[in-house]
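Take them one point at a time and look up each residue as it comes.

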Amino acid sequence: MTNNKKIPTHLAIILDGNGRWAKRRNLPRLMGHRAGLRKLEQMVRLVKREGIRYFSVYAFSTENWNRPVMEVTGLMSLFRYYIRKKVDEIKSEGARIRFCGRKDKIPEDLLQQMKWAEEYTADQNILDFILCINYGGRAEIIDAVNSLIASNPQAPVTEQDLRKYFYLPDVPDPDLIIRTSGELRLSNFWLWESAYSEYYFTDTYWPDFDENELRKALDDYAGRERRYGGLKS
Ligand code: IPE
Ligand code: IPE
Ligand code: MG
């Protein structure tokens with residue numbers, strides 16, 4: 001636990017590089033995804049220890065359906081396995097599991113399992129562990145706009161009016177977004193919510209990301225000055 005240090009309230013990670021991690025070892029891509037999910041277990045514990053309140057991870061984007069069917073079905077199976085095997089452990093850490101994204105296209109049994117895991121851990125309040133599956137920032141904004149229109153709002157609508165219809169309206173914007181594997185882009189993650197997020201990029205592939213890497217990212221964040229368009233405080 002870091003004392004007297006600026007800690008992000010909401011830490012978001014774009015879990016990238018599973019495929020290249022596997023390729024480098026001459027393994028099938030799915031082995032990389034398996035290693036990536038295993039890494040996530042450890043990260044939930046570490047993040048909680050740091051006193052972070054919201055931890056979101058980008059695990060499957062609305063664009064990832066464009067991958068070969070075998071990889072997509074393999075990923076869905078890994079999500080099933082991960083939820084079933086890890087829910088108790090995550091709960092015992094005081095973490096509440098939440099899913100964020102569109103509900104269409106996800107296999108029905110996985111959807112049911114996701115719903116169950118959310119209900120089963122709903123009473124935990126130390127950490128919100130948010131898995132973004134079938135999430136896209138543009139999809140979220142469009143879904144919110146459509147819900148807002150359906151509610152027959154009084155014009156002019158405000159940012160707050162729209163925000164109410166986001167997938168997880170109570171979750172604060174990410175303070176720090178980490179992306180692994182050396183790619184320098186958002187790939188449709190937290191599009192609206194990242195307006196004032198700090199970024200941290202590392203070349204490390206997600207399955208190799210560790211405590212030391214997390215430490216470095218958090219230390220870097222602690223030294224940032226956030227101005228939100230204002231002046232130095
Ligand atoms: C991230 O790893 C996990 C998902 C997008 C599902 P990748 O599968 O994108 O790994 P690379 O980028 O091909 O190495
Ligand atoms: C972003 O990674 C999505 C997730 C990590 C779930 P991708 O590997 O899909 O992103 P691009 O295609 O390199 O932008
Ligand atoms: Mg990738």
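1. Start with the shell around ligand 2, which divides into five nonpolar, three polar and four charged residues. In this sorting, Ala, Val, Leu, Ile, Met, Phe, Trp, Tyr, Cys and Pro count as nonpolar, Asp, Glu, Lys and Arg as charged, and the others, Gly among them, as polar. Among the residues surrounding ligand 2 you'll find Ile 14, Tyr 58, Phe 60, Asn 64 and Arg 179; a residue makes the list if one of its heavy atoms lies within 4 Å of the molecule. The largest share, four residues, comes from strand 2. Helices (H or I, at least four residues) and strands (E, at least two) are DSSP runs, numbered from the N terminus.

2. Before going on, a word on what you're looking at. This is a predicted model, where local features need pLDDT of at least 70 and side-chain atom pairs count only at pLDDT 80 or more, while totals for chains, interfaces and linings use all residues. Residues are numbered from 1 along each chain as its sequence is written, chains are lettered from A and ligands numbered from 1 in the order in which they are written, and side-chain values use heavy atoms, with hydrogens and water left out.

3. Which side chains make polar contacts with oxygen atoms of ligand 2? Ser 187 has a polar side-chain atom 2.6 Å from a ligand oxygen, Arg 185 has one at 2.8 Å, and Asp 16 has one at 3.3 Å. A polar contact here is a pair of N or O atoms within 3.5 Å; within protein, one must be able to donate a hydrogen and the other to accept it, and residues adjacent in sequence count only if both atoms are side-chain atoms. The protein covers 78% of the 390 Å² of accessible area that ligand 2 has on its own (Shrake-Rupley method, 1.4 Å probe; for residues, only the protein chains shown count as cover).

4. Now ligand 1. Its shell has 13 residues, and Leu 15, Asp 16, Arg 20, Arg 29 and Arg 67 come nearest. Sorted by type, the shell holds three nonpolar, five polar and five charged residues.

5. Where does the ligand 1 shell come from? Helix 1 (18–24), helix 2 (29–49) and helix 3 (69–92) each give two or more residues, and helix 1 gives the most, with three.

6. Next, the pockets. Ligand 1 takes up the space of the largest pocket, and the space taken by ligand 2 is the largest pocket as well. A molecule sits in a cavity or pocket if more than half of its atoms lie within 2 Å of its grid points. On a 1 Å grid over the protein atoms alone, a pocket is an open set of points with protein on both sides within 12 Å along at least five of seven lines, whereas a cavity is a set where a 1.4 Å probe fits but cannot get out; lining residues have an atom within 4 Å of a point.

7. The largest pocket has a volume of about 460 Å³. Of its 25 lining residues, Leu 15, Asp 16, Ala 59, Asn 64 and Arg 67 are closest to the centre. The lining divides into nine nonpolar, eight polar and eight charged residues.

8. Finally, check the loop between helix 5 (137–150) and helix 6 (159–163), where Pro 156 lies. The peptide bond from Ala 155 to Pro 156 is cis, with omega near -5 degrees. Asn 152 is in that loop too, with a positive phi of about 55 degrees although it is not a glycine. Most residues other than glycine have a negative phi, and most peptide bonds are trans.

Methods
Points joined across faces, edges and corners; volume = space filled by probe spheres on them.
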